[in-house]
Amino acid sequence: MLLTISTTAEPATDLGFLLHKHPDRVQEFRQSTGTATVFYPEANERRCTVALLLEVDPVALVRSTGKSSPDFSLSQYVNDRPYAASSLMAVALADVFRTARAGRCKARPELPGTPLPLEVALVCRGGADLARGVFEPLGWAVEARAVPLDEGFPEWGDSRYVRLTLRGTLRLADALNQLYVLLPVLDDAKHYWVAPDEVDKLLRAGEGWLREHPLRGVIARRYLGRRWTLARSALARLAELGDETEEQLEPAVSEEAAPDETAADEAVAAETEEALAETPETHETPEAHETTETPESHAGEPERVKQRPLNVLRREAVLATLEELGATSVIDLGCGQGELVGALLARPRFTRVAGADVSPLALTIAARKLRLERMSDSKRARLTLFQGALTYTDKRFAGYDAAVLMEVVEHVDPPRLAALERVVFGAAKPQHVLVTTPNVEYNVRYEFLDGLRHRDHRFEWTRAEFAAWCASVCERFGYTVGIRPVGEEDPELGPSTQMGVFTRG
Ligand code: SAH
């Protein structure tokens with residue numbers, strides 16, 4: 001595991017003073033997980049680079065995690081630990097550069113407070129989108145290149161690793177603190193048990209940059225090893241009032257897609273993770289399997305009948321229904337990565353389009369996928385994209401002909417569903433509401449599936465359960481409903497997706 005930090009602030013060798021490590025020496029530091037070595041591959045007046053090399057000793061690592069570690073399998077010994085920067089690297093960095101991280105430098109007291117042109121290079125997991133999402137708001141220019149599985153065999157495609165280069169002008173202490181927090185965030189795994197004092201560590205290292213960070217929820221949750229109570233307490237303390245909502249902690253799209261690696265075979269996991277991160281089309285497992293290859297990818301083979309992925313069918317069904325209802329302004333509630341928003345914008349008849357989601361990460365990805373920055377002014381003027389939770393009344397949800405909740409209700413905890421109903425049908429109360437949700441009866445047709453269609457689904461309804469929910473909503477809020485099938489329909493099990501088309505009055 002290697003991390004380098006370079007500067008071109010002249011004299012660049014001042015980096016040695018700042019880090020309290022002499023550029024001419026190679027120094028080793030014992031860690032509970034292996035050995036950290038600090039050395040300088042280059043050190044001259046114009047440019048100076050320090051390298052932190054961590055050699056992990058798997059046996060020491062297993063011993064240091066102790067009995068509380070849930071995992072005694074072979075993967076503790078054979079894994080990507082030696083390669084991708086992670087919590088191991090973060091801990092070594094914090095230990096080896098402790099004084100620099102605290103911003104102290106006796107020899108050159110003015111140095112720690114001075115922003116320096118810095119370049120950080122490392123290999124990590126977590127994908128390019130997440131890396132940009134966490135580093136760009138902090139002023140880093142992020143260059144992320146996927147690492148091929150094997151350079152000798154480009155046809156094997158890319159691995160799950162990303163080679164990151166971060167460039168920015170920052171105080172070294174800030175850069176070190178950001179890396180300390182964000183390396184485990186990218187890795188999304190900690191090699192040690194996350195104790196409550198980690199909240200303090202997070203807040204200390206996050207001082208001055210975490211509170212305003214748009215992805216603070218994702219960062220807190222991942223940093224704290226997905227211990228929700230701790231993440232909640234961290235966010236409450238960040239907000240000082242304890243008023244951060246639970247919703248901010250809800251899984252973001254690209255994260256919830258990450259497969260359970262302890263259960264899955266590593267290679268398959270890598271593929272799935274990447275496919276899910278890159279192609280929102282494969283948001284749900286079944287859909288990925290329903291997609292047949294495109295003819296181009298199998299040149300020479302007879303063209304197979306193309307069965308379109310369920311999410312495409314769903315989007316088309318929603319679009320067709322909106323057109324049929326004559327809606328011209330539409331809000332997509334729980335818009336995820338903005339697929340439907342993009343399709344609506346592509347149709348001029350929709351003069352006002354909005355997308356709202358509780359997940360800032362989803363919105364960041366949506367903005368990128370929609371190419372918000374390069375969007376024409378006229379298109380941009382038709383679009384509103386904002387963060388909001390569907391379980392809290394929000395004026396911004398109102399004023400549209402139609403609201404769409406496409407594959408969203410099943411992500412909401414049943415006790416919070418009543419709040420969502422009040423917010424959507426009671427307060428925003430558009431003329432039309434379209435709700436799509438899986439039909440759980442159909443799940444037996446997906447033979448690879450055990451359990452629900454998605455890890456974050458809190459429930460999935462049968463046709464009768466969905467119909468009963470629709471009827472109860474209509475009765476309480478003054479709507480009528482028609483339920484339509486989406487996707488292939490099984491004579492006994494019904495369709496894969498069910499869609500409720502609600503109309504007010
Ligand atoms: N509608 C999109 C995304 C579905 S995934 C599509 O069909 O592709 C479910 C989405 O609902 C996620 O993006 C998740 O962040 C969002 N979500 C879950 N609970 C929410 C809540 N309480 N408020 C707003 N959005 C929520």
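Two strands pair if DSSP finds at least two bridges between them. The close-ups below all come from a predicted model.

**View 1. Strand E12 pairs with strand E11.**
E11 covers residues 402-406, and its pairing with E12 is parallel, over five bridges. Ala-402 faces His-432 of E12 across the pair. E12 runs through residues 432-438. Seven of its seven residues are buried, so the rest of the structure largely encloses this strand. His-432, Leu-434, Thr-436 and Pro-438 point to one side of E12. Val-433, Val-435 and Thr-437 point the other way. All of these residues are buried.

**View 2. Glu-407 has a positive phi.**
Glu-407 sits in the loop between E11 and H17. Its phi is near 55°, a positive value in a residue other than glycine. Most residues other than glycine have a negative phi. The relative accessible area of Glu-407 is 6%. Buried means under 20%, so Glu-407 counts as buried.

**View 3. Helices H17 and H18 pack against each other.**
H17 spans residues 414-428 and H18 spans residues 463-477. Their axes lie 11 Å apart, at an angle of about 50°. The two helices are therefore oblique to each other. H17 crosses H18 in the right-handed sense. From H17, the contact takes in Leu-417, Glu-421, Arg-422, Phe-425 and Gly-426. From H18 come Trp-469, Val-473, Arg-476 and Phe-477. By class, five residues of this contact are nonpolar, one is polar and three are charged.

**View 4. Helices H6 and H7 form another packed pair.**
H6 is made of residues 172-187, and H7 of residues 197-205. The angle between H6 and H7 is about 140°, and their axes are 9 Å apart. H6 and H7 are therefore oblique to each other. The crossing of H6 past H7 is left-handed. Asn-177, Tyr-180 and Val-181 of H6 meet Lys-201, Leu-202 and Ala-205 of H7. The contact of H6 with H7 has four nonpolar residues, one polar and one charged.

**View 5. Seven strands make an open sheet.**
The strand order is E2-E3-E4-E1-E5-E7-E6, and the pairing is antiparallel. E2 (27-31) and E6 (141-148) stand at the edges. Each has a single partner strand, so one side of each lacks a neighbour in the sheet. On average, neighbouring strands of this sheet are turned by 15° against each other, direction ignored.

Arg-145 is placed opposite Arg-163 of E7.

**View 6. Helix H3 packs on the sheet.**
H3 touches E1, E2, E3 (34-43) and E4 (48-56). The direction of H3 makes about 125° with that of E4. H3 comprises residues 87-96. Eight of its ten residues are buried, so H3 is largely enclosed by the rest of the structure. The buried residues of H3 are Ser-87, Leu-88, Met-89, Ala-90, Ala-92, Leu-93, Ala-94 and Val-96.

**View 7. Helix H5 is largely enclosed.**
H5 consists of residues 127-135. Eight of its nine residues are buried, so the rest of the structure largely encloses H5. Gly-127, Ala-128, Asp-129, Leu-130 and Ala-131 are buried in H5. Gly-133, Val-134 and Phe-135 are buried there too.

**View 8. A cis peptide bond joins Glu-10 and Pro-11.**
Omega of this bond is about -5°. Most peptide bonds are trans. Pro-11 is placed in the loop between strand E1 (2-7) and helix H1 (14-19).

**View 9. Arg-371 has a positive phi.**
Phi of Arg-371 is near 50°, and this residue is not glycine. Arg-371 belongs to the loop between helix H15 (360-369) and helix H16 (377-382). With a relative accessible area of 49%, Arg-371 is partly exposed.

Note on methods: Residues numbered from 1 in each chain as written. Predicted model: local features only at pLDDT ≥ 70, side-chain atom pairs only at ≥ 80, totals over all residues. Heavy atoms only, no water. Axes fitted to C-alpha atoms, helices over the stretch in contact; angles between N-to-C directions. Helix = DSSP H or I, 4+ residues; strand = E, 2+ residues; numbered from the N terminus. Parallel < 35°, antiparallel > 145°, perpendicular 65-115°, else oblique. Left-handed = near helix turned anticlockwise from the far one by under 90°. Contact = heavy atoms within 4.5 Å. Nonpolar A, V, L, I, M, F, W, Y, C, P; charged D, E, K, R; others polar. Buried < 20%, exposed > 50% of the residue type's maximum accessible area, 1.4 Å probe, protein only.
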